[in-house]
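Please work through each task before turning to its solution.

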Amino acid sequence: AALDKPTGGQVILNGKNIVDIREKEISAFRRENLGFVFQDFSLLDTFNLKDNILLPLVLKGVPYREMNQKLMPVAEELGIAGLLEKYPYEVSGGQKQRAAAARALITEPRLLLADEPTGNLDSATSHEVLGLLKMAARQFSQTIILITHDRDIAQLADRIVHIEDG
C-alpha cells in the first residue's frame, strides 16, 4: 500500500516504481491506484451505505453525475443495490463487507488490497462475499491481493503465496 519502503528491490504498479514516488505524491497515488477492504469494514456510521461507497470518489473530485453512474453497476454486482439508503448499523456483517468492497471497487483501482476481509464473517458469508468480490474484480479488470489466515478462503484464489515467520 506504499505505507512502508521495501529494504530492497522494486514495487512496480501501473509502470511506476512506487518506491520512487515522493512522499508528497504518495497519497494521490494511493487514491488513484489502490483500493482497500479491511476486516472491520471501516464504514462511517453517520453515512448511509451509498455515501460510504461514494466517499473515495468525492475525495477524488469526481462529478456527482459520474459518481451515480458508477454506483449502481458495482452495488448491483455485489448485491446491495436495495440497501444503499441504510446505515451500517442497520445491515448485517456480510452486507457491510459488500459495501466496503463496493467502496474499494468503485474507484476502479489497479490493485485491490483486502486485509482479512472475512475475519468478522461466518464461513458461508465469507465464501459468498469473496465470490462476489472476485467476480466484480474480474468484471472491472482489477487485481486483488487478499491476506488471510484461513486456508479455505485462500483456496478460492487463483494464486497462493505463503509467508511464514515474517
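This is a predicted model: local features need pLDDT of at least 70, side-chain atom pairs count only at pLDDT 80 or more; totals for chains, interfaces and linings use all residues.

Residues are numbered from 1 along each chain as its sequence is written, and side-chain values use heavy atoms, with hydrogens and water left out.

**Exercise 1.** Describe the largest pocket by its volume, its lining residues and the residue classes in the lining.

Solution. Begin with the term: on a 1 Å grid over the protein atoms alone, a pocket is an open set of points where a 1.4 Å probe fits, with protein on both sides within 12 Å along at least five of seven lines, and lining residues have an atom within 4 Å of a point. The volume, taken as the space filled by probe spheres set on the points, which are joined across faces, edges and corners, is about 1,100 Å³ for the largest pocket. Next, its lining holds 27 residues, and those nearest the centre are Leu146, Ala157, Arg159, Ile160 and Val161. Two or more lining residues come from each of helix H5 (123–139), strand E5 (143–147) and helix H6 (151–154), with helices (H or I, at least four residues) and strands (E, at least two) being DSSP runs numbered from the N terminus; H5 contributes the most, six residues. Finally, the lining divides into 14 nonpolar, six polar and seven charged residues, where Ala, Val, Leu, Ile, Met, Phe, Trp, Tyr, Cys and Pro count as nonpolar, Asp, Glu, Lys and Arg as charged, and the others, Gly among them, as polar.

**Exercise 2.** Describe the second largest pocket by its volume and the classes of its lining residues.

Solution. Of its 26 lining residues, Ala1, Ala2, Leu3, Ile18 and Leu113 are the closest to its centre. At least two lining residues each are supplied by strand E1 (12–13), helix H1 (23–33), strand E3 (34–38), strand E4 (111–115) and E5. The division by class gives 21 nonpolar, no polar and five charged residues.

**Exercise 3.** Which residues of the largest nonpolar core touch the most other members?

Solution. A nonpolar core is a set of buried Ala, Val, Leu, Ile, Met, Phe, Trp, Tyr and Cys residues joined through side-chain atoms within 4.5 Å, and buried means under 20% relative accessible area, as against over 50% for exposed and partly exposed in between (1.4 Å probe, protein chains only). Among the 33 residues of the largest core, those with the most such partners are Val37, Ile53, Leu78, Ile80, Leu105 and Leu112. Two or more residues are given to this core by each of H2, H3, H4, E4 and H5, and H4 gives the most, six.

**Exercise 4.** Is Asn48 buried or exposed, and with which side chain does the side chain of Asn48 make a polar contact?

Solution. Asn48 sits in the loop between E3 and helix H2 (49–60). Because its relative accessible area is 8%, Asn48 is buried. Its side chain makes a polar contact with the side chain of Glu85 at 3.2 Å, the term meaning a pair of N or O atoms within 3.5 Å, where within protein one must be able to donate a hydrogen and the other to accept it, and residues adjacent in sequence count only if both atoms are side-chain atoms.
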